[in-house]
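The sequence and structure are shown first.

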Amino acid sequence: MDDKVVTVDDQIVAELTIPENVAKELLLVSNSSSLETALEKLIELAKEEGGRLDLSSKNVVTTVLHLCQSLSSISYRYLLLLSLKVLRNLCAGEIRNQNEFLQQRGVEIVVDVIMSVGLTPDPDCMIIRVGLQLLGNYSVGGGERQCDVWYQLFPHKFLKIARVRNQEICDPLCMVIYTCCDGTDGLLTDLCSEKGLPILIEILRTASAVGLKEVWLKLLLSKLCIEGSYISSIFFKLHSYPSVENNGVVTHVVDQFVIEQSYLLSTLSEILNERVEHIVVSHDFARSIFGILKSASGVVDFSIRGKSDLPVGSAPIDVLGYSLTILRDICASDHLSSSKEESSKDVVDVLVSSGLIEFLLNLLWDLEPPTTIRKAMKQDQIKEGTISSSFRCCPYQGFRRDIVAILGNCAYRRRHVQDEIRDKNGILLLLQQCVIDEDNPFLREWGIWCVRNLLEGNTENQGVITDLELQGTVDVPELVRLGLRVEVDPVTRRTKLVNSS
């Protein structure tokens with residue numbers, strides 16, 4: 001073929017070792033006079049469903065794959081990038097192009113381009129990104145296509161790609177992994193094995209470093225952590241802890257947390273908040289988050305009052321806070337069970353039976369009173385010289401509110417939760433939360449919601465309030481409107497609410 005026909009930026013590139021038939025076919029099918037223009041036209045044609053269908057009858061996938069093999073050199077990065085874009089668009093939902101890609105061993109060719117050209121000492125992130133998008137579009141076809149991609153990349157090549165700290169690469173990598181594992185339990189098991197977990201850890205380290213929270217990452221984490229049973233494996237793998245073994249059970253000794261762990265929980269919290277009515281929550285996930293909450297509560301310094309909402313930038317505090325927001329959303333509604341074994345149990349009941357209510361009430365008991373009550377108490381205590389410093393502070397703004405929110409959600413139409421809170425003397429404590437608190441925005445609203453749920457349909461709980469006796473009290477306007485007043489115990493200095501009528 002005449003050299004002047006194959007051009008890049010209107011300059012003759014005689015050194016290109018492209019088979020004559022490859023260049024000729026591409027120029028012909030695109031009605032172009034240069035290879036670069038031909039690829040650009042094909043990219044646009046393949047964006048439309050009709051264009052992809054038309055090109056599927058012209059063996060364009062095969063031709064472009066042959067071109068990629070001819071251009072497997074760093075010197076021709078731009079032409080390679082254009083070629084990958086053509087293939088990416090052709091494989092987007094067009095089964096005939098996907099079949100042709102499979103028959104021509106397209107995955108092997110594209111992976112070779114990614115590894116030899118993209119993953120150089122100076123990675124070409126666009127080559128990697130478009131190559132991954134292509135593999136993701138192809139694997140959506142399911143079945144053998146998923147395995148075709150998976151076994152070419154898992155685990156070592158996936159791991160090398162995951163270690164590139166770039167946002168443009170991380171999300172399409174999640175797309176490939178998600179589409180490969182979707183509906184294939186065996187591949188999902190591979191991913192969460194000792195060989196696969198390092199891939200996930202590197203993805204999360206990259207995502208945390210670049211602030212990525214795109215859709216494919218969220219879909220992957222939802223499948224693995226919220227709907228699956230792998231949250232503990234992933235969470236604790238993000239940081240190496242010493243461990244102890246007792247009767248064959250290995251327990252992690254948590255004395256610190258790292259920012260990647262708080263990032264993981266913040267992302268999971270976002271997912272639940274966005275899809276709370278539609279997502280399937282596994283019992284393992286709920287129990288694991290409760291366990292993380294208990295671990296974090298033993299690490300956080302409660303002597304310092306937090307000045308900001310989440311995230312505060314302290315990994316232990318953020319882990320504590322996001323554990324609470326996740327539990328709040330888990331308990332916000334009835335969820336579908338993730339397996340037949342779990343179908344007879346409500347996820348909230350699983351948490352309640354694990355001691356969630358008692359744990360949260362204890363956290364609340366140990367906290368200093370809300371600011372409205374604290375200010376009212378202060379003058380009285382100054383007079384008597386009995387100011388106490390034994391109470392804990394809220395480590396972030398909203399800590400108290402989040403505890404009350406979980407308790408309120410758990411109590412909604414659950415008689416056994418209403419009764420447990422009464423039996424543990426929690427009603428008066430929760431009535432105290434129906435006030436404005438400068439450190440906890442919307443505490444009053446959540447407090448009223450919680451009390452409403454405690455009283456609904458429960459005459460015993462209603463009787464607790466009716467039987468309150470008025471003693472020495474502190475006026476709080478928000479409570480007066482509810483027919484209640486704050487009482488300060490002269491001995492313990494704890495506050496409680498009494499009926500003012």
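Asn59 counts as partly exposed because its relative accessibility is 46%; buried means under 20% relative accessible area, exposed over 50%, and partly exposed in between, with a 1.4 Å probe and protein chains only. Its phi is near 55°, a positive value in a residue other than glycine. Asn59 sits in the loop between helix 3 (49-55) and helix 4 (60-70), where helices are DSSP runs of H or I with at least four residues, numbered from the N terminus.

Phe442 also has a positive phi, about 65°, although it is not a glycine. With a relative accessible area of 60%, Phe442 is exposed. The loop that holds Phe442 runs between helix 24 (426-431) and helix 25.

## Basis of the model

The model is predicted: local features need pLDDT of at least 70 and side-chain atom pairs count only at pLDDT 80 or more, whereas totals for chains, interfaces and linings use all residues. Residues are numbered from 1 along each chain as its sequence is written, and side-chain values use heavy atoms, with hydrogens and water left out.

## Cis peptide bonds

The peptide bond from Phe154 to Pro155 is cis, with omega near -10°. Pro155 belongs to the loop between helix 9 (144-153) and helix 10 (156-162).

A cis peptide bond also leads from Leu310 to Pro311, with omega near -10°. Pro311 is placed in the loop between helix 17 (283-297) and helix 18 (315-330).

## Packing of helix 22 and helix 25

The axes of helix 22 (residues 399-411) and helix 25 (residues 443-455) come within 8 Å and cross at roughly 25°; axes are lines fitted to C-alpha atoms, for helices over the stretch in contact, and angles run from 0 to 180 degrees between N-to-C directions. The two helices are therefore roughly parallel to each other, a term for angles under 35 degrees.

On the helix 22 side, the contact (heavy atoms within 4.5 Å) includes Arg400, Arg401 and Val404. Helix 25 contributes residues including Leu443, Trp446 and Cys450.

## Nonpolar core

The largest nonpolar core has 147 residues, and those with the most contacts inside it are Leu268 and Phe285. Such a core is a set of buried Ala, Val, Leu, Ile, Met, Phe, Trp, Tyr and Cys residues joined through side-chain atoms within 4.5 Å. Not counting residues up to four places away in sequence, Leu268 touches Leu221, Cys225, Ile226, Ile231, Phe285 and Ile326.

Terms used:
Parallel < 35°, antiparallel > 145°, perpendicular 65-115°, else oblique.
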